[in-house]
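Dear colleague,

Please find below the structure that I am handing over to you. I would ask you to keep it open while you read the notes that come after it.

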Amino acid sequence: APFLILFFKDMSINDVYKQLRKNLEQNKVVLLGEMHGAQVNPIVIGEIVKHLKIRLILIEVNSKYVLLFSQLRQGTEKTIAEKIKEKDAWLFDAGVLSLAHLRLYARLRKLGVHILPVKIEDQDWSLAEVKTSDHIKKILANKNKPPTLAVFGNLHMRKLPFALRDDGYKKRVVPIGWHLRNNSQSIHIRYAKGVIKNFGLMEIEDKGAYKILGNFNKILTKSHSPYFDFDYVIRNTKPLK
C-alpha cells in the first residue's frame, strides 16, 4: 500500500520527526498504540518505519514465534499465518495480526528491518505487562540497538496506570507504557469513525478526533492526553481483512 501523507498541527513535520529521531538516538523506543482490527494500522506502521528509519519492530505476538518470524519472506505470508492459527487463531480474530501485517513485515524484512515478537503472556494482565516490559528493556539495553518501534494495543502503550474492567469489576492495572516511560515516546492512533474487525465487526467513533482533524483526513499532533505524547488521527478506517 502507498504511504500516507501526514499533516501536522502545532509543530512542523520536520520538528516532529526531529524530536522523535532525537529520542531514538537516546536509546528510546517509539511506542505505537493501536486499536486492533483497523485496516489503516499496517499502513501507519509502514509510514512511521519510513520516516523514522526504523530497523527493529517489536510486535504484540508471543515471543515463542521468534523463530517463525525469522523465516518470514515475501510469498510465505499465508503459510506463516496458518502455522500461527494452529495454536493462536485468536490473534487474527482479534485483529492483532492479519495477512496485511504479514505482507508489510515481509516487505520490510527484505529491506533489512527485523520483526521481533516480544509478548510474554500471563493470566494476570499487569504481570504480563511486567514480564513483557522486562523483555523489551533487555532489548533496549543493547548498545547497538537499532531505531526501534513497538506496536501494541493502545491500552498496553499508555504511560500511566489505569482502571480496567474485568468480569464486571474495575481493577488498577499497570501497562507496558508506564514501565517504559523513561525509555520511550508514544503515539496513539485515533480513528474518528469507521469499522474494525475485533472478534467480529465493530463500529467505532471518536468525536474528539473530528475536532482535531478540521479539514484534514489525517494529522499527527501533540497529544492532550496524559497517556500519550502524540496523536495520529485518521478520519476513517475499514476493518482488516
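The notes below go from the whole chain to single residues.

This is a predicted model, in which local features need pLDDT of at least 70 and side-chain atom pairs count only at pLDDT 80 or more, while totals for chains, interfaces and linings use all residues. Residues are numbered from 1 along each chain as its sequence is written, and side-chain values use heavy atoms, with hydrogens and water left out.

**The chain as a whole**

The chain has nine helices and ten strands. Helices (H or I, at least four residues) and strands (E, at least two) are DSSP runs, numbered from the N terminus. Along its principal axes, the C-alpha trace spans about 45 × 45 × 35 Å. The radius of gyration is 17 Å, which agrees with the value near 18 Å that a compact globule of 241 residues would have. This radius is taken over C-alpha atoms, and the globule rule is 2.2 Å times the number of residues to the power 0.38.

How much of the chain is buried? Of the 241 residues, 50% count as buried. Buried means under 20% relative accessible area, exposed means over 50%, and partly exposed lies in between (1.4 Å probe, protein chains only). The accessible surface of the chain comes to about 12300 Å², and 52% of this surface belongs to carbon and sulfur atoms. Accessible areas come from the Shrake-Rupley method with a 1.4 Å probe; for residues, only the protein chains shown count as cover.

A contact means heavy atoms within 4.5 Å. Among contacts between residues at least 6 apart in sequence, 70% join residues at least 24 apart.

As for charge, the chain has 41 positive and 23 negative side chains, and the centres of the two sets lie 6 Å apart. Lys and Arg count as positive and Asp and Glu as negative, whereas His and the chain ends are not counted. The place of a charge is taken as NZ of Lys, CZ of Arg, CG of Asp or CD of Glu.

Asp 231 is found in strand E10 (residues 230–237). Is Asp 231 buried or exposed? Its relative accessible area is 3%, so Asp 231 counts as buried. Which side chain does the side chain of Asp 231 meet in a polar contact? The partner is the side chain of Arg 190, at 3.1 Å. A polar contact is a pair of N or O atoms within 3.5 Å; within protein, one must be able to donate a hydrogen and the other to accept it, and residues adjacent in sequence count only if both atoms are side-chain atoms. Leaving out residues up to four places away in sequence, Asp 231 touches several others, among them His 188, Ile 212, Leu 220 and His 224.

Ser 186 has its place in strand E7. With a relative accessible area of 0%, Ser 186 is buried. Residues up to four places away not counted, those that Ser 186 touches include Leu 31, Met 157, Lys 159 and Phe 230. Lys 159 is 27 residues from Ser 186 along the chain, and their C-alpha atoms are separated by 8.1 Å.

**Lys 197**

Lys 197 is also placed in strand E7. At 32% relative accessibility, Lys 197 counts as partly exposed. Apart from neighbours within four places in sequence, Lys 197 is in contact with residues including His 36, Phe 92, Asp 93 and Leu 240.

**Residues in loops**

Lys 53 lies in the loop between helix H2 (41–52) and strand E2 (56–62). Its phi is near 55°, a positive value in a residue other than glycine. Lys 53 is exposed, at 60% relative accessibility.

Phe 199 belongs to the loop between strand E7 (184–197) and strand E8 (201–205). Although Phe 199 is not a glycine, it has a positive phi of about 55°. Its relative accessible area of 57% makes Phe 199 exposed.

The loop between helix H6 (99–110) and strand E3 (114–119) holds Gly 112, and Leu 111 is found in the loop between H6 and E3 as well. Gly 112 is partly exposed at 32% relative accessibility, whereas Leu 111 is exposed at 59%. The C-alpha atoms of Gly 112 and Arg 55, 57 residues apart along the chain, are 6.9 Å from each other. For Leu 111 and Arg 55, 56 residues apart along the chain, the C-alpha separation is 9.0 Å.

Yours sincerely
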